Amino acid sequence: VRISLIFAFYFPFFCLQGAPLDTAAKEIVEAGAFLNGRGLCPACSGNLSRRLDSERIVITVSGKHKGSLTIEDTLLVNMQGISQDREKQPSAETLIHIAIYEGLEKVGAIMHTHSLNGVVLAQCLKPENFLITEGYELHKVFPGIATHESRLIIPIFENSQDIITMSKEVLSYLKDHPDTYGFLIRGHGFYTWGKDMNETKTRIEAFEYIFEAELKIRTLR
Ligand SMILES: [Zn+2]
């Protein structure tokens, strides 16, 4: 009994939140349709990934519309962000995904959107480096928050075409602030993640609700 209890307790940690290749690719296709349905990835923007194990992730290929993905539009990359399929080019922002997986070892899935609400907020807040929200019941979606009487801190990074430098900034921030659940990139979009694709979808919904509420409140003021 003791051994099985120990196994049940530690098994999720051994798994590193990974998924088998087929499952991961299917989850990415479905999540692409989910994001497209919410209008979060216009004009082939955005990207999605799923951790397989400590060495590899599955990510969307570059430049495909997220509303019509197939499993052929996903590919394996290693933790250096290098494609393991010579015929496929990964998303331009693969290194940012890698930085998140590297910085937060319990992350199993990542979604990057071009959320209009998030982008408008980050532009309006310029030159602030954080969006801080208070008083939302939906804050309770995030681990460690048990009440609406809480603050959620969403960092805002400046956009750059230098993905290597940006991914280093992201990694360094997440290592120092492991209780981060999403970040904005000014004029560009939003990243969030979870232990699996379902948790990541829930977080997308919570963040989008909070972004929309913040935008409406600031417009009315
Ligand atoms: Zn993007």
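How are the donor residues of the zinc ion spaced in sequence?

A: The donor residues of the zinc ion follow the spacing E-x18-H-x1-H-x73-H. This is a predicted model, in which local features need pLDDT of at least 70 and side-chain atom pairs count only at pLDDT 80 or more, while totals for chains, interfaces and linings use all residues. Residues are numbered from 1 along each chain as its sequence is written, and side-chain values use heavy atoms, with hydrogens and water left out.

The zinc ion is coordinated by Glu93 through OE and by His112, His114 and His188 through NE2, at 2.1 to 2.5 Å. Donors here are N, O and S atoms within 2.8 Å of the metal (3.2 Å for Na, K and Ca); water is not among the atoms, so sites may look incomplete. The angles among the 4 donor atoms run from 92 to 153°, and the site is irregular. Four donors count as tetrahedral if all angles lie between 85 and 135 degrees; four count as square planar and six as octahedral if opposite donors are over 155 degrees apart and all others between 65 and 115, and anything else is irregular.

Helices (H or I, at least four residues) and strands (E, at least two) are DSSP runs, numbered from the N terminus. Both Glu93 and His112 are buried. Buried means under 20% relative accessible area, exposed over 50%, and partly exposed in between (1.4 Å probe, protein chains only).

Strand E4 also holds Ile110, which is buried at 0% relative accessibility. Beyond its neighbours within four places in sequence, Ile110 is in contact (heavy atoms within 4.5 Å) with residues including His97, Ile100 and Tyr101, and also Tyr191, Thr192 and Trp193. The C-alpha atoms of Ile110 and Arg50 are separated by 6.5 Å, although these residues are 60 apart along the chain.

His97, Ile100 and Tyr101 are among the buried residues of H3. In H3, 8 of the 10 residues are buried, so this helix is largely enclosed by the rest of the structure. The axes of H3 and helix H5 (residues 163-176) come within 8 Å and cross at roughly 20°. Axes are lines fitted to C-alpha atoms, for helices over the stretch in contact, and angles run from 0 to 180 degrees between N-to-C directions. H3 and H5 are therefore roughly parallel to each other; angles under 35 degrees count as roughly parallel, over 145 as roughly antiparallel, 65 to 115 as roughly perpendicular and the rest as oblique. On the H3 side the contact includes Leu95, Ile96, Ala99 and Ile100, and on the H5 side it includes Ile163, Met166, Val170 and Leu174.

Ile82 is partly exposed, with a relative accessible area of 48%. Leaving aside neighbours within four places in sequence, Ile82 is in contact with Leu76 and Val77.
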